[in-house]
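Open the model in your viewer and switch to a cartoon view. Keep the selection tool ready.

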Amino acid sequence: MKRKSKLTIAIATAVLAILFATAVYAQDKYTLKSPSGIAFSDFKGYEDWSVVSSARTDQVLKVIVANPTMIAAYKAGIPGNGKPFPEGSKIAKLQWKPKKSTDAPFVVDVPDVFIQAFVIEKDSQRFPKSGGWGYAVFNYEAASDRYTADANSPSDCGHACHTAVKAKDYIFHPYQKR
């Protein structure tokens, strides 16, 4: 009887140790900061933000989402009305490697492995040299289930590309009709 009790206690202890280790070492992606100081925590809840648009390149499928401040601005006609997005506007471009659907009865690409969150936030005081927008990239590694701040991602990394849409307050994607 004593042997069974000791074995039960040992198994219970091992299970608790594994659960504790998993809880302690599970990554909190919101503790990450880009080299320029843009915190992933600034975008907390992005998983539930409204969709602005989607896009496809040869390498990735993209879904562009925005926080409520930016969605309200889009619905008010910004940037088409010539006004800039308000301070606190945030947008995230979520990117997946595509794969062919094996379920659909037609040819369609669907998201496969999530690879990256490219985030942009409007804060004219922090980012005066880049039209008021700060840019950061947070990469995701599926094998380790971990995010990392892209080391080559200074706050204006996206600004060089986004100057092409300066007249649209540096934002490529319009709010799509639905």
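Predicted model: local features only at pLDDT ≥ 70, side-chain atom pairs only at ≥ 80, totals over all residues.

This tour goes from the sheet to a helix and then to a pocket.

**Stop 1**

Start with the strands. Six of them form an open sheet, in the order β1-β2-β3-β4-β5-β6, and the pairing is antiparallel. Now colour the edges. Select 50–56 for β1 and 146–149 for β6. Each of these two strands has a single partner, so one side of each is left without a neighbour in the sheet. On average, neighbouring strands are turned by 25° against each other, direction ignored.

**Stop 2: strand by strand**

Show the backbone for this part. Strands of a sheet pair through backbone hydrogen bonds.

- Select β2, residues 61–66. Six bridges tie β2 to β1, and the two run antiparallel. For a landmark, pick Arg 56 and its bridge partner in β2, Leu 61.
- Step on to β3. Six bridges also join β2 to β3, again antiparallel. Here the landmark is Ala 66, whose bridge partner in β3 is Ile 91.
- β3 and β4 run antiparallel and share 10 bridges. Pick Lys 90 and look across to Glu 121 in β4, which stands opposite.

**Stop 3: helix α2**

Select residues 68–75, which make up α2. Which residues of this helix are buried? They are Met 70, Ile 71, Ala 73 and Tyr 74.

**Stop 4: the largest pocket**

About 240 Å³ of space lies inside. Which residues are the closest to the centre of this pocket? Select Lys 93, Phe 118, Ile 120, His 162 and Phe 172; the lining has 15 residues in total.

Next, colour the lining by element. At least two lining residues come from each of β2, β3 (90–100), β4 (109–122) and α3 (159–162). β3 gives the largest share, with three residues. Last, colour the lining by residue type.

Notes: Residues numbered from 1 in each chain as written. Heavy atoms only, no water. Pairing = 2+ DSSP bridges. Helix = DSSP H or I, 4+ residues; strand = E, 2+ residues; numbered from the N terminus. Axes fitted to C-alpha atoms, helices over the stretch in contact; angles between N-to-C directions. 1 Å grid on protein atoms, 1.4 Å probe; cavity = no way out; pocket = protein on both sides within 12 Å on 5 of 7 lines; lining within 4 Å. Points joined across faces, edges and corners; volume = space filled by probe spheres on them. Buried < 20%, exposed > 50% of the residue type's maximum accessible area, 1.4 Å probe, protein only.
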